[in-house]
Each structure stands twice: as C-alpha cells, then as structure tokens.
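Reader: Hi! Could you walk me through a couple of spots in this one?
Author: Happy to, here it is.

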Amino acid sequence: MPQGILTFAEQRDGAFKKAAYEAVSAGAALKGDFGGAVSAVVIGKGVQEIAPQLGAYGADEVLAFDQDFLDKYSTEGYGRALVQAVQAKDPALVIVPATSMGRDLAAWTAAKLGMACAMDSVEIGVEGGKARARRPLYAGKAFAWVEPKDGPLLVAIRPNVFAATESAPGTAAPVAVQPLEFSADNLRAIVKDITAPAEAQLDVSEADIVVSGGRGIGGPEGWAPLEELAKVLGAAVGASRAVVDAGWREHAAQVGQTGKVVAPSLYIACGISGAIQHLAGMRTSKVIVAINKDAEAPIFKVANYGIVGDLFEVVPALTEEFKKVL
Amino acid sequence: MQITVCVAVAPSTETKVKIAPDGRSLDTTEVKFELNVYDEFALEEALRIREARGEGQVEVVTVGDGSQKEEVRKCLARGADTAVILKADIQEADSASIAAALAARIGAGESRIVFFGKQTVDGDNGRIPAETAVALDWPLVAKISKLSFDGDHFVAHREIEGGVEIIEGDLPAVFSAEKGLNEPRYPSLKGIMAAKKKPLEELPVELGAARTVTVDLQLPPARPEGRIVGEGAATAAEVVRLLKEEAKVI
Ligand SMILES: Cc1cc2nc3c(=O)[nH]c(=O)nc-3n(C[C@H](O)[C@H](O)[C@H](O)COP(=O)(O)OP(=O)(O)OC[C@H]3O[C@@H](n4cnc5c(N)ncnc54)[C@H](O)[C@@H]3O)c2cc1C
Ligand SMILES: Nc1ncnc2c1ncn2[C@@H]1O[C@H](COP(=O)(O)O)[C@@H](O)[C@H]1O
C-alpha cells in the first residue's frame with residue numbers, strides 16, 4: 001500500500017528555486033493524510049550540501065542524487081533519478097513544481113511509471129484516502145478535479161500558488177545519498193549549455209509582480225516607462241501576443257493562452273485590450289490594475305483598479321507614486 | 001526520411017467555456033474546433049525538414065472520432081503527404097491511452113522523427129509527447145523553439161525561466177513544438193487542390209484504459225466586478241494608496 005509523500009525540490013546551479021520550497025511545503029501541509037513521511041528528492045551536482053535546508057520547510061528526509069553528470073537538467077537523467085526515488089519510497093502522492101523543468105520531468109516520470117498525473121495544479125485534495133488535484137483547463141477558463149483511476153498521483157503544482165512555508169525554521173533534514181541504478185550512458189538528449197541573456201531577467205512566470213505592455217505601447221521603442229516601473233517594483237515585464245508577434249518583445253515574455261499563464265500578486269496591464277486569450281493567462285492574478293485609454297476595453301472587466309488614460313502619462317505617474325511609498 | 005506529426009483538433013482559443021450536463025466535460029454544442037495552435041508549428045517544422053533534406057514523407061496522425069477529417073485535410077493542404085485518423089471514442093481517453101495508440105502506429109512504421117505540439121489548448125497537459133517517447137523508448141525533447149540537424153545529430157533550443165537550454169542528441173527522437181519555433185505557412189490554392197487527392201486513411205483502434213480521470217469540471221470563481229478608479233495621471237496616487245491599504249499587495 002503506497003504511503004507518504006515525495007516532493008521534488010528543484011535547484012539550478014546549487015541553489016533551490018522558490019518552487020522547490022513550495023513543493024516541499026505543499027507536501028508538509030498534507031502530512032498525515034497519506035500516512036508515512038514527507039520526503040524530498042534533490043537531483044544535481046554537489047546538492048548534498050544544500051539538501052538539509054529542506055528540513056525547514058517540513059521535509060522529514062532528503063534523498064540526494066549527487067553526480068557530476070547530473071549537473072544540468074536532462075529529461076532522462078532527472079527522470080530516471082525521480083523514478084528510482086518513487087520506486088524506493090512507494091509514495092501515495094508525488095509533488096513536483098510545474099516549472100519548465102518540473103513539467104518536463106513530471107510528464108516523463110509519470111509515463112515511465114505508468115502513474116496518473118495532474119499538470120499545473122492549483123490545489124491538492126484528499127478523497128477517501130486518495131489524492132486528487134484541481135487544475136485549470138482551457139487556459140484557466142475552467143477548473144477540473146482529476147484523480148487517479150487507482151494508485152498514486154503525481155501532481156505538478158503551479159508556481160506562485162502554493163505557499164512556501166518555513167514550518168520548522170533551522171531544522172536540518174537528514175540526507176540519504178542514493179546509489180545510482182543508471183549511468184550517463186542512459187541519457188540520449190543532453191543539455192550542452194544554458195545561455196542566459198546578458199542582463200539576468202526575471203521571468204514572468206516566477207515574478208510576484210508583472211507589468212505587461214500591449215499594442216498601446218506603439219512600437220519596439222516606448223517600453224522605457226514600463227521598464228522603469230518594473231524596476232521600482234522588482235517586477236517582470238510581460239507582453240501581449242500582438243506585440244510579440246510584431247517582434248517588439250521576446251516570446252518568453254508573452255502572457256496568455258499561447259504564452260505563459262501567470263498568477264502574480266499584482267498584474268499591471270498597460271495598453272492591453274484584454275482579449276479572451278490574454279485574460280486566460282492572467283485572470284488568476286490576485287490584483288489586476290489596467291491602464292487603457294479606451295474606457296470600454298474588456299480588460300477593465302477584470303481589473304480591480306482601472307485607470308482610463310494615456311499610458312505614457314499614467315505609467316510614469318504611477319512610478320513616481322510607488323517610489324514615495326516603497 | 002519519414003516524419004510523423006501527431007495533431008489534435010481542439011476547441012478554438014476563442015471558446016467561451018460552458019460545462020456539459022455531466023458536470024465533468026465541455027459543452028461542445030457551440031464550440032468551433034480547429035487544429036491545436038502548437039501543432040501548426042509542429043507540422044511546419046516537419047515540412048521544413050523534408051524540404052531541407054529534399055526527400056522524405058510527412059505523415060499526419062490524429063486519434064479521434066472521425067470528426068477531425070476537415071482539419072486533417074487542411075494539414076495535407078499545407079503540404080503533408082499522407083494522413084491517418086486512428087478512429088476511437090476519445091471521450092474517456094487520457095494522455096496515456098492516446099499515446100499508446102500513437103506509439104503503436106509510429107513503432108510499426110519507418111519514422112525516426114516524431115513531432116508534437118507542446119500541449120493542447122484544451123487540456124493544457126503536455127503529457128502525450130512524453131508518454132509516446134517512453135512507449136517508443138526514444139528520447140524526448142519537449143517545448144523546443146529552435147531545431148537544426150547535421151545528419152542524424154540534432155541541436156534544439158528550449159526556453160526555460162530566464163534562459164535557453166541547448167540540447168543535443170541523435171535520432172530517432174520525439175520533439176514537441178513551442179510557439180516561435182517557426183512561422184507556419186498558410187495552405188496555397190494549389191495545396192488545397194492537391195490535398196483532395198492525397199491519402200487520408202481511417203483506421204479503427206482500441207484505446208487502453210485511462211489512468212487519470214476528470215471527476216468534476218467547474219467554471220472559475222468570478223472575479224469581483226471590474227472597477228474604474230478614475231481618469232488620467234492624477235489617479236495614480238489613489239491607485240497606489242488602494243494597492244497599499246486596501247489590496248495590501250505592496
Ligand atoms: C490562437 C490564438 C492564440 C492567442 N494567444 C494569445 C496569448 O497567449 N496572449 C495574448 O495576449 N494574445 C493572444 N492572442 C491574441 C489576442 O486575440 C489579441 O489579438 C491580443 O491579445 C491583442 O493584444 P493587445 O491587447 O496588445 O492589442 P490590441 O487588442 O490592439 O489592444 C491595444 C489596446 O491598447 C489601448 N491603447 C492604445 N494606445 C494607448 C495608450 N497610449 N495608452 C493607453 N492605452 C492605449 C487600446 O485602447 C487597446 O485597448 C491569441 C489569438 C489567437 C487567435
Ligand atoms: N487525439 C490526439 N491525437 C494525436 N495527437 C494528439 C492528440 N491529442 C494531443 N495530441 C498531440 O499531443 C500534443 C500534446 O497534447 P497534450 O499532451 O494532450 O497536451 C498535442 O500538441 C498534439 O501534438
């Protein structure tokens with residue numbers, strides 16, 4: 001009988017992602033519902049050093065896969081390690097963050113194990129001792145509860161939705177370094193390199209505040225007021241598809257049904273009309289501010305606070321006001 | 001080189017979602033179906049590889065109830081050589097059961113490149129490419145935004161948070177396409193005419209049992225009624241005050 005909860009703690013370059021703490025905390029919050037312990041899995045190079053930190057977020061133990069060849073993410077390297085961990089622990093619930101890495105890993109691992117899987121979930125529930133998850137469909141135009149036909153469930157949780165809670169500050173979790181049941185020869189598609197933009201940019205899917213621009217900006221130039229506002233707020237700059245398709249911004253910044261789905265605590269939409277495909281990507285933001293010169297723009301229907309006006313006047317004024325209070 | 005492109009015919013992104021009386025599926029009565037957005041990039045990439053190599057065949061495969069014919073025909077019009085509808089009732093299917101049918105078809109053929117879209121716009125799963133790769137025991141290279149080949153060796157790019165992964169490997173392989181991989185072409189009139197004569201086969205298949213089941217589908221809680229605070233730059237101070245004192249997000 002599967003028991004306990006296994007969580008995947010994502011790290012890159014020896015530092016845990018916030019999503020790692022969210023995954024471990026989500027597991028810790030459900031401790032007891034499935035019997036057994038809350039275990040965390042860490043995969044990478046030199047990760048033994050950082051593994052104990054997860055105790056603070058409620059991990060009872062950490063399984064570490066620490067190998068030079070696991071330095072960078074690869075589907076089969078990390079996938080095989082997670083498969084091995086699941087087979088060792090036989091958990092009732094597996095929690096993985098639904099980041100780029102986590103989604104890839106979750107899909108492959110579920111396939112390899114023949115396990116039920118819920119992508120991009122926003123809630124985990126328990127029904128008759130079985131795990132279930134609530135997840136958006138149609139880019140958030142509907143939400144479904146999904147559950148395994150039988151057996152355990154692998155849930156990928158949407159970043160920024162579950163709290164990262166330091167439930168046991170200062171607690172170091174015991175670390176069990178795992179022997180490998182596979183080798184570098186098993187990896188057929190390998191990440192050779194990761195290129196980062198010259199200036200590190202905050203990703204819209206990771207940011208707590210997103211300032212987005214649309215066709216109202218008028219061109220590839222004209223983004224300075226938004227970038228200035230984003231800088232003051234520590235926000236990421238997002239974009240509508242119209243401006244991405246026009247080549248004014250990178251695809252990585254696109255918010256919406258065919259871009260990124262974001263759920264920051266504050267979303268500021270500037271010169272964006274609010275098409276159904278854009279709303280799908282940001283309507284679960286906690287608070288939405290919209291600036292648009294057209295009072296009839298659909299974006300105002302979802303905006304907690306709307307300002308009718310020219311963004312080139314309103315955005316700099318907002319920046320000045322934020323500077324006063326931050 | 002034989003290339004397979006797996007496509008889904010999915011509700012248009014303009015769909016206003018209504019829940020069916022069963023409480024766990026989409027009411028499709030007024031829904032327009034079209035080729036899944038990401039699958040357009042998958043098909044385009046396959047066509048470009050065929051063109052670059054100057055040889056080969058592109059086959060489009062979908063698992064569906066048969067109502068996908070018109071959209072599949074459009075893939076032929078864009079330049080695919082052949083198409084197959086693996087005919088089954090997909091109402092109760094999940095990623096695993098659809099992938100099993102796809103893998104059986106691909107495994108029995110000559111393809112060494114399989115393309116998918118990164119996810120369907122209705123399920124937002126992105127699981128079928130992985131399920132298929134595992135069933136075939138081929139490497140998976142998901143969500144790619146760039147792809148190049150040197151013979152059987154490939155280099156692919158994948159956008160991750162704040163960077164791009166450069167991924168290398170050898171065929172055979174399963175790829176899934178992110179938006180931005182290419183600019184999909186529109187079918188030409190010549191293509192549309194030619195498509196009428198291209199083979200579009202329907203093959204009945206048995207789907208295995210689903211592992212993941214949807215038990216309840218609901219509309220999201222409504223957001224509070226939108227509120228316009230005021231006009232022009234003079235409103236900025238009030239909005240910042242509300243964000244701090246009322247919404248408490250800053
Ligand atoms: C299959 C499909 C998928 C799609 N996916 C996405 C997606 O993922 N994300 C997405 O965003 N879109 C998506 N779209 C596109 C979507 O339908 C809209 O076309 C797009 O969102 C419009 O972008 P926009 O709001 O920037 O431009 P517009 O609709 O042109 O709106 C510009 C707005 O700016 C305002 N404005 C102009 N000047 C100013 C000014 N000086 N000050 C203030 N306001 C000003 C105007 O009043 C207007 O409301 C998709 C479409 C399709 C068909
Ligand atoms: N019924 C289907 N038949 C064939 N391919 C499909 C089907 N459904 C989805 N796909 C493919 O799998 C990709 C990912 O779908 P999903 O995993 O369901 O999000 C899609 O972009 C398609 O390429």
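Author: First a term: contact means heavy atoms within 4.5 Å. This is a predicted model, where local features need pLDDT of at least 70, side-chain atom pairs count only at pLDDT 80 or more, and totals for chains, interfaces and linings use all residues. Residues are numbered from 1 along each chain as its sequence is written, chains are lettered from A and ligands numbered from 1 in the order in which they are written, and side-chain values use heavy atoms, with hydrogens and water left out.

Reader: Thanks! What does B:Arg211 touch?
Author: Leaving out residues up to four places away in sequence, its contacts include A:Ala110, A:Met115, A:Glu147 and A:Lys149 in chain A, and B:Asp94 and B:Arg127 in chain B.

Reader: Which side chain makes a polar contact with the one of B:Arg211?
Author: That of B:Glu131, at 2.5 Å. A polar contact is a pair of N or O atoms within 3.5 Å; within protein, one must be able to donate a hydrogen and the other to accept it, and residues adjacent in sequence count only if both atoms are side-chain atoms. The B:Arg211 side chain also reaches the backbone oxygen of A:Gly114, at 3.3 Å.

Reader: And is B:Arg211 buried or exposed?
Author: B:Arg211 counts as buried because its relative accessibility is 19%; buried means under 20% relative accessible area, exposed over 50%, partly exposed in between (1.4 Å probe, protein chains only).

Reader: Nice. Where does B:Arg211 sit in chain B?
Author: In the loop between strand E11 (200-204) and strand E12 (212-218). Strands (E, at least two residues) and helices (H or I, at least four) are DSSP runs, numbered from the N terminus.
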